[in-house]
Structure formats: structure tokens, C-alpha cells
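Have the sequence and the 3D view open as you read.

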Amino acid sequence: MLGVSREDWRGTKGATERVVNEVAQGLRTLEDGTAWFSLLSQAERKAVLQEVASYAMQAHITAADGSAGVARSGVKPTANASVMICMDPPRYGFAGLPAEEHINAFRVLVATFSVADTRRRQTYCTGGCGHSWHNLSTPGERP
Ligand SMILES: [Zn+2]
């Protein structure tokens, strides 16, 4: 657990990309990322869900990734977010879910993105790549 400082992270441009990719690359726990998310306002949460959904789309997640992500996320498979991510093709309207389901949606989305992005890092990106989000500095450092 690295801890999250509201002042450090809240609303800063690039924070979503950083938190999500740190979780995907094992530099930050999903609990830690969720703690960050839970500090955001409702409007900010919606924006973050849309951004993470776009990463998941770019990572070409599959229904199998969705199942693996749900298992990792700790969210019940019957939750709306879990059902949506496991559809083929997945549904991405997470920001439209009721506010009390946003934390579930964040956990499911980030966990599923992690599955797909890990596969990409271990195949396409092995030996180095030009994806800025695969070349993060260690947590705490700022470029
Ligand atoms: Zn890469």
C-alpha cells in the first residue's frame, strides 16, 4: 500500500492514466487505486470511468479478459459492471451506471484492462516499446 494523497492526485491531468497503468503494471495495488477513485467527486468519477473505458477499448479487451478481470476485481459476477464487461463485445457505458455502482465499475474496468495490457506488454511490447504509459517512472518520482 503506497498511500494516496488527495492533494497529489485529485483532478490532476494525467492522474487517471498514471494510476490505472501503475495498477496494471503492479506498481500500485487495486485497493490503492480504488482509494484514489473514492476520493473523487461524482463528476470526476464519471470522467475517470470514461477515460478508463477508452483505455480498455484501445487494449482490445475480450469477454475472456472480462471474466478474468472480474475474478481479480473482487466484484460479484452478478454486479452490473461485471455483466457489462463480460459481454461480447463488452459494453462500455459505465459512467451511466448509478453512482453507488461506480466503485464496482472502476475495479472491474481497471482489473480487466490490467489483464489485456499485461498480455500486450508480454507480447507486442517485449524488448521495449514507445508507449509512454509502459515506461513510467517509479511511483513518487515526477518527470
Ligand atoms: Zn508498450
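## A look around the model

His 60 counts as exposed, because its relative accessibility is 61%; here exposed means over 50% relative accessible area, buried under 20%, and partly exposed in between, with a 1.4 Å probe and protein chains only. You will find His 60 in the loop between helix H4 (42-58) and helix H5 (63-73). Although His 60 is not a glycine, it has a positive phi of about 55°.

A word on the origin of these values: this is a predicted model, in which local features need pLDDT of at least 70, side-chain atom pairs count only at pLDDT 80 or more, and totals for chains, interfaces and linings use all residues. Residues are numbered from 1 along each chain as its sequence is written, and side-chain values use heavy atoms, with hydrogens and water left out.

**The whole chain.** The protein chain has 7 helices and 0 strands. Both kinds of element are DSSP runs numbered from the N terminus, helices being H or I with at least four residues and strands E with at least two. Of its 143 residues, 43% count as buried. The accessible surface of the protein chain is about 7,300 Å², and carbon and sulfur atoms hold 53% of that; the areas come from the Shrake-Rupley method with a 1.4 Å probe, and for residues only the protein chains shown count as cover. Among contacts in the protein chain with a separation of 6 or more, 69% join residues 24 or more positions apart, where contact means heavy atoms within 4.5 Å.

**Two helix pairs.** Two packed helices are described by the angle between their axes and the distance between the axes. The axes are lines fitted to C-alpha atoms, for helices over the stretch in contact, and the angles run from 0 to 180 degrees between N-to-C directions.

| Helix pair | Angle | Axis distance |
|---|---|---|
| H2 (residues 15-24) and H7 (residues 102-122) | roughly 65° | within 8 Å |
| H3 (residues 30-38) and H4 | about 135° | 10 Å |

H2 is thus roughly perpendicular to H7, while H3 and H4 are oblique to each other. Angles under 35 degrees count as roughly parallel, over 145 as roughly antiparallel, 65 to 115 as roughly perpendicular and the rest as oblique.

H2 is largely enclosed by the rest of the structure, because 9 of its 10 residues are buried. Among the buried residues of H2 are Arg 18 and Glu 22. Just after H2, Gly 26 takes a positive phi of about 75°.

In the other pair, Trp 36, Phe 37 and Ser 38 of H3 meet Arg 45, Val 48 and Leu 49 of H4.

Val 48 lies in helix H4 and counts as buried, at 5% relative accessibility. Leaving aside neighbours within four places in sequence, Val 48 is in contact with Thr 16, Trp 36, Phe 37, Leu 40 and Phe 106.

Finally, look at the loop between helix H6 (80-85) and H7, where Pro 89 has its place. The peptide bond from Asp 88 to Pro 89 is cis, with omega near 0°.
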